[in-house]
Amino acid sequence: MSEAAAVRSSTQRVRAGAGSSCDLLIALATHEVVAALLGEIGITSDHLPALRDQLRDEVEPEPADWHLRLQQRGGRAGPDGELSQLLAIVRSADCHAYRMLQLAGADTGRLRKRLIERVRERGHQRVSRRTEPVARAPVGPLRMSSRATSSEAPTQVRPTTSSVRAAPPSPRLSAQRPPRATPAAHEPEQHSTPAASTVRAPRVSPRPSATPSQQVELEPRPQAQAKPQGRRGQPQELRSINATTLPPMVGRVRELSMLADALLRKSVRPPILVGEHGSGRSLLAMHLASVLDRPLFRLEAPDYEDDETLADDLELIAEAKGVVVFDDLDRVSSDAAPPMLPALARAWASGAPRVITVLSHEGRARLEAWMPGILDTLDVLMLPPLDTADVHAAVKLASEAILEQHEVSLAEDARLSELTRIADRYLTGLAMPGRALDLLDLACARTVREAKTEVSNDAWVEITCERTGLPHSRVVGTGERDLLDLDVRLARQVVGHEHVLEVLAALVRRNRAGFSSGRPIASVLLLGPSGVGKTEIAKALATALYERGDEALLRLDMSEYAEAHAVARVVGAPPGYVGHEQGGALTDPMVRNPHRVILLDEIEKSHRDVHQLLLQVFDEGRLTDGRGRTVDFRHAVVVMTSNLGADTMIHHHGQDDDPDHVGDDQVLAQARAHFPVELWNRIEAPLVLRPLTRAQMLAICRRLITSSSARLTHDRGIRYRVDDEAIEQLIDRAGVDPALGARPLRHLLGREIESLIAEQILRGRVRAGDEARVLLDDGRLVVEIGR
């Protein structure tokens with residue numbers, strides 16, 4: 001019976017014997033190897049049909065997805081597929097074929113053990129070792145490495161559908177990695193391209209004299225147990241990494257030496273390499289193949305869905321005296337510990353084989369949540385970011401592969417140094433240089449889509465503007481002159497407080513000129529009574545700097561974070577804790593877009609532990625969230641507001657000939673006494689906003705009326721205006737109270753003016769295209785309609 005007939009999909013429940021797992025077992029029993037195994041435990045294929053018929057009358061219908069369950073337990077077609085499928089049946093106590101074996105009197109535990117042994121025996125027959133002479137060193141043991149491409153045919157033809165798991169990762173994930181080829185194009189390069197064996201990357205090694213006397217090819221067997229590996233659902237080969245095919249690294253010699261030492265130590269303390277995506281962490285780990293005298297294998301965590309599959313691969317590698325780079329554990333999307341983690345933990349504990357695990361900071365936090373205390377037993381090696389010169393060199397090396405893959409070239413105006421600057425300053429996500437290479441990849445894709453052959457500077461500038469919402473002039477640096485009149489533009493939206501606007505504009509100009517020192521653009525504290533315009537200043541900054549208005553403003557009401565446990569809400573709870581999936585109220589929006597104005601309203605009401613979080617933001621321009629991610633604040637303006645000292649200011653208002661400066665020192669003294677000293681010293685500019693005067697209230701009232709009329713025009717096509725006498729009356733009724741500011745005026749405008757016009761609109765007296773005029777008639781507000 002063919003495999004398609006034996007394992008067929010169905011959307012209905014079927015009875016045993018009608019396309020069920022029993023049919024599959026009967027079909028497998030016709031194979032010589034399976035028949036021999038069953039014969040060893042006293043089962044013959046002639047008895048199985050009768051047992052199937054007996055089972056049909058005794059059990060409930062079998063679920064239609066029985067074949068999917070077998071596939072999840074390794075029951076897929078491929079090399080030694082009959083053994084794999086029988087082993088999957090023995091592992092599946094819920095399928096009918098398993099019960100049929102029990103009816104036949106089979107010892108399923110003994111059968112399972114024999115199957116595993118047979119799978120391993122047949123797998124070892126697929127391991128081929130071939131020697132190839134190379135330059136002989138004065139001393140040194142044999143080094144086992146991946147098979148260089150050769151013109152000689154392999155000893156055994158592998159299935160053409162198999163894939164190679166040791167292919168180098170995408171260039172966007174590391175600084176110098178070659179692009180990942182498609183499976184169809186990748187296999188000929190590995191097996192039949194003679195030129196590949198002649199390409200040797202410059203050796204980056206702490207022991208340059210350790211040249212091996214000969215290379216021993218090691219091609220571990222394809223797993224006879226057809227594992228649920230690979231995105232195509234096909235069995236995959238284990239192949240060690242060929243150090244001669246790896247691209248060169250830049251600036252990682254010290255880290256490579258540290259990794260090699262950690263792996264070669266006699267004590268069992270497995271290393272984990274912690275670095276951000278795009279930092280070149282996987283390439284660094286794979287370069288161990290150039291300094292270790294043993295084969296190096298790269299295993300990807302998403303390929304393993306159970307403990308036994310990974311354990312089998314690790315056992316094979318241990319027998320070959322190999323070393324494992326266990327990568328992509330970050331891509332295992334599960335809050336619970338993945339099923340293959342016990343096998344990895346056993347390898348860590350036994351040291352057979354030696355394993356180096358590659359993780360991000362978030363993955364490190366998840367590992368600690370999965371296995372509390374495990375990090376104390378591991379050697380955690382942190383991968384620092386590359387310096388600027390090394391980043392530029394890495395981008396230059398890896399860009400050639402990306403351009404070649406897209407079949408495009410750089411235009412004359414395109415400079416990779418400018419690409420690197422833009423990616424580093426304006427984009428987020430991957431670490432450098434991966435971020436710059438990803439931007440180049442996007443620019444190449446757009447160039448190809450537009451049927452062009454050269455990638456211009458405008459291509460990556462446009463993509464950056466689209467992804468960040470920043471204006472073109474800001475990204476290319478031609479809009480710097482606009483900052484010279486930033487205070488004037490802020491004054492168009494904010495009434496009064498000229499001294500505050502001048503200080504803010506000076507701080508922004510200083511940062512844009514290059515004096516940022518890795519800190520936020522500005523960190524200011526606005527002190528003043530309610531309603532004087534503290535929030536309006538933050539909105540005006542967001543509009544002037546980022547041209548996205550409210551979208552660029554991140555506002556947090558800090559009175560909601562008055563308890564100690566509220567810190568987890570700011571940065572997000574660690575993996576495994578309640579609220580982890582919600583993320584941090586401050587950090588998650590900044591991860592999505594770091595170009596923002598952050599408004600921390602009523603900062604004095606938040607808990608002291610929240611204040612401590614801000615120290616790292618103000619000092620270093622970054623913050624680590626609950627998932628272990630480093631969040632960038634270098635492109636943000638942090639505005640804190642507080643009512644501290646407002647009582648003092650109100651008390652002195654109007655009692656002195658120069659009220660503008662009365663009480664400022666007392667206000668600052670009260671604020672300084674409230675905040676921790678270490679926080680106060682990191683605030684660049686504590687500024688006092690004085691109470692509003694009557695003239696400023698009149699100007700605010702006119703702006704509120706203009707804004708309200710614009711909204712009505714947009715929605716209904718109706719405009720309105722208010723006479724000066726009516727505005728004066730509104731000010732008199734609202735009052736100029738330094739404790740309340742302009743908020744009573746806003747409410748009064750809604751009750752008296754907008755409600756009056758709304759009544760005329762609903763009565764049909766004011767229609768689209770009309771202009772309403774509000775004036776004072778005998779002390780009463782009336783509406784006149786004009787066309």
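User: Let's start with Val736. Which residues does Val736 touch, not counting residues up to four places away in sequence?
Analyst: Val736 touches Leu692, Thr693, Arg694, Met697 and Ile731, where a contact means heavy atoms within 4.5 Å. Before we go on, this is a predicted model, where local features need pLDDT of at least 70, side-chain atom pairs count only at pLDDT 80 or more, and totals for chains, interfaces and linings use all residues. Residues are numbered from 1 along each chain as its sequence is written, and side-chain values use heavy atoms, leaving out hydrogens and water.
User: Got it. How far apart are Val736 and Met697 in sequence and in space?
Analyst: Val736 and Met697 are 39 residues apart in sequence and 7.6 Å apart in space, C-alpha to C-alpha.
User: And where does Val736 lie?
Analyst: Val736 is in the loop between helix H30 (724-734) and helix H31 (743-762). Helices (H or I, at least four residues) and strands (E, at least two) are DSSP runs, numbered from the N terminus.
User: Why is Val736 called partly exposed?
Analyst: Because its relative accessible area is 37%; buried means under 20%, exposed over 50%, and partly exposed in between, with a 1.4 Å probe and protein chains only.
User: Switching topic: what order do the strands of the open sheet have?
Analyst: The order is E14-E15-E18-E13-E19, 5 strands with parallel pairing. Two strands pair if DSSP finds at least two bridges between them.
User: Which strands stand at the edges?
Analyst: Strand E14 (553-557) and strand E19 (685-688) do, each with a single partner strand, so one side of each has no neighbour in the sheet.
User: How many bridges join E13 to E19?
Analyst: 4 bridges join strand E13 (residues 522-527) to E19, and the two run parallel. Val524 stands opposite Ala685 in E19.
User: What packs on the sheet there, touching E13 and E19?
Analyst: Helix H27 (residues 664-674) does, and its direction makes about 130° with that of E19. Axes are lines fitted to C-alpha atoms, for helices over the stretch in contact, and angles run from 0 to 180 degrees between N-to-C directions.
User: What about strand E20, which residues are on its covered face?
Analyst: Tyr720 and Val722 are on the covered face of E20 (residues 719-722), while Arg719 and Arg721 are on the uncovered one. In a regular strand the side chains alternate between the two faces of the sheet. E20 pairs with strand E21 (residues 771-777) in the parallel sense over 4 bridges, and the bridge partner of Val722 in E21 is Val774.
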